[in-house]
Amino acid sequence: MVEHAPVARSFPLVDDAAVPICGTESDFRYGAANQADLSAQGGHSHPGHKGIHAHGTQLMDKPRHYRIGRADIEARAAQMERVLNKVKEETLRPDSRKVAPRFNLNLTAEILGLSKSQFLHRVNDGKFVGGDRTGSRTLYTLEEVRTMANQVGLRHPFAPGHGIVMTVANFKGGVAKTSTSVTLAQYMAARGYNCLIIDLDPQASATTLFGVSPYLDVLQEESVFALYDDEPNLDRICRSTYWPGIDLIAANQHLYGREFALAGAAKEWGGEIFEFLAQRLPALRERYDLIFIDTQPSLGFLTSTGIFASDHLLVTVPPSSLDFASSVIFWSLLRDVLTQARDAGGHSKFWEGVHVLQTRVDEQDKSTHFIRKLLAAGCEDWLLPDVIPATRVATNAASDFQTVYDVEKYEGSHRSIKRAREAFDKAYAQVHDAVRHTWDVWQSPADWDVVYHPEADLFDQEAAAAADQDAESSGDGAAPEIRERVA
């Protein structure tokens, strides 16, 4: 059993005991403790028990009611950690570490954007490695796929040293922010990009998906908590993962303390408090091609610093009534945060791209089509046309702490896993095109007219006033065009 810190009142789960999943709260509280010959309340009997009192001196004449306090929360948290660790040990055996999948010949050719014949032609010419032949199958490691991806030029030439930051956000939970962050990084890494995931959620779901226990494997000084220090040790907090091409800055529960620290520093920093994380990313932009920030389901200071640090903002929205309504609130709150930052003396924030990705799309649900029309009407060109479907493959993979890209052997239909991967690939190809466009602009800025929206309320008031004055003096009615700030 994995050791854990002692707590005031423990609810132990012995190694061979079944985890109670039903019954009353009091049954759950006392059941596991009794199996270990321990009482969850320091010697007290079960509230419904008519036997000896806690001190063994008198009978209970009425049922006892326990009020739950900090010690109970601490103990229950420790028990849940033990349950999670037992599940992780069972799922990730034999060494509790995840292993990158291998790809067959057809899948490798698809990733590289080649037909099977084109791929085999390069293998025969010695340009590509031959892979590992096992029986009738030829398998390629992820390292080999990444090498071949660079040979065919999938990685943008301007990417090295010019990392793009993409933040995945939404105000609501359960909208596939974490799974999107992880699978999108896996998609990009398989195509030769060097990626970093910053887990900015105290729940540490992205950290857990990479097979890292936020409770056992992540020290505070090795987590994203330290990224907010004045001089973070990047070599210490950036850890490699089982997936070649992806590093991780892990999170754990200590990160929540940064929310209060940022709030406390807001008075001193003013609007620049929202740029706190952005100021610590230049060195990481030089190390990585793509930096994905996974955020918590809120729009507090932590999430806001992640949004302000990004070049691209990706908002995930399942096409359901509640999720659509919540996304409307998200845009309103984001507008308020941007205004608050400007009014408090911060800088105006602009993105290279904002994208809305529909996730967990169930085409069999009749309401889905109506909500998708609403999303299209509201988001217009920000809405990515291709979606992430709701699939049993993804659901089954998630139950094993995996993604659709982790699955090497699927117990169900081969066509099911193939369709799921193709859908994810198609959706993420849109994002790939968007970031490649950004590198095109960054590489040759003189070739592009970079225009800021003339109706945005985030420009310097002096510049807008000067534009109005120029328009009035010229008398040509060109005020809207003059207001467009061109970089």
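These legends go with a set of close-up views of one predicted model.

Residue numbers start at 1 in each chain and follow the sequence as written. In this predicted model, local features need pLDDT of at least 70 and side-chain atom pairs count only at pLDDT 80 or more, while totals for chains, interfaces and linings use all residues, and side-chain values use heavy atoms, with hydrogens and water left out.

**View 1. The whole chain, to get your bearings.** The chain holds 17 helices and 10 strands; these are DSSP runs, numbered from the N terminus, with helices being H or I of at least four residues and strands E of at least two. Of the 487 residues, 46% are buried (under 20% relative accessible area; exposed is over 50%, and partly exposed is in between, using a 1.4 Å probe and protein chains only). Take the contacts (heavy atoms within 4.5 Å) with a separation of 6 or more: 74% of them join residues 24 or more positions apart. The accessible surface is about 24700 Å², and carbon and sulfur atoms own 51% of that (Shrake-Rupley method, 1.4 Å probe; for residues, only the protein chains shown count as cover).

**View 2. Helix H6, mostly covered.** H6 runs over residues 177-190, and 13 of its 14 residues are buried. From first C-alpha to last it reaches 20 Å, close to the 20 Å expected at 1.5 Å a residue (the expected span is 1.5 Å times one less than the number of residues). After H6 comes glycine 192, with a positive phi near 100°.

View 3. An α-helix has 3.6 residues a turn, so residues three or four places apart point the same way. Just past H9, glycine 270 has a positive phi of about 70°.

**View 4. Arginine 258, up close.** This arginine belongs to helix H9. Arginine 258 counts as buried because its relative accessibility is 14%. Skip its neighbours within four places in sequence, and arginine 258 is in contact with Phe225, Tyr228, Asp229 and Leu302.

View 5. Cysteine 195 has 1% relative accessibility, so it counts as buried. Cysteine 238 is buried too, with a relative accessible area of 11%. Searching the whole structure turns up zero disulfides (pairs of cysteine sulfur atoms within 2.5 Å).
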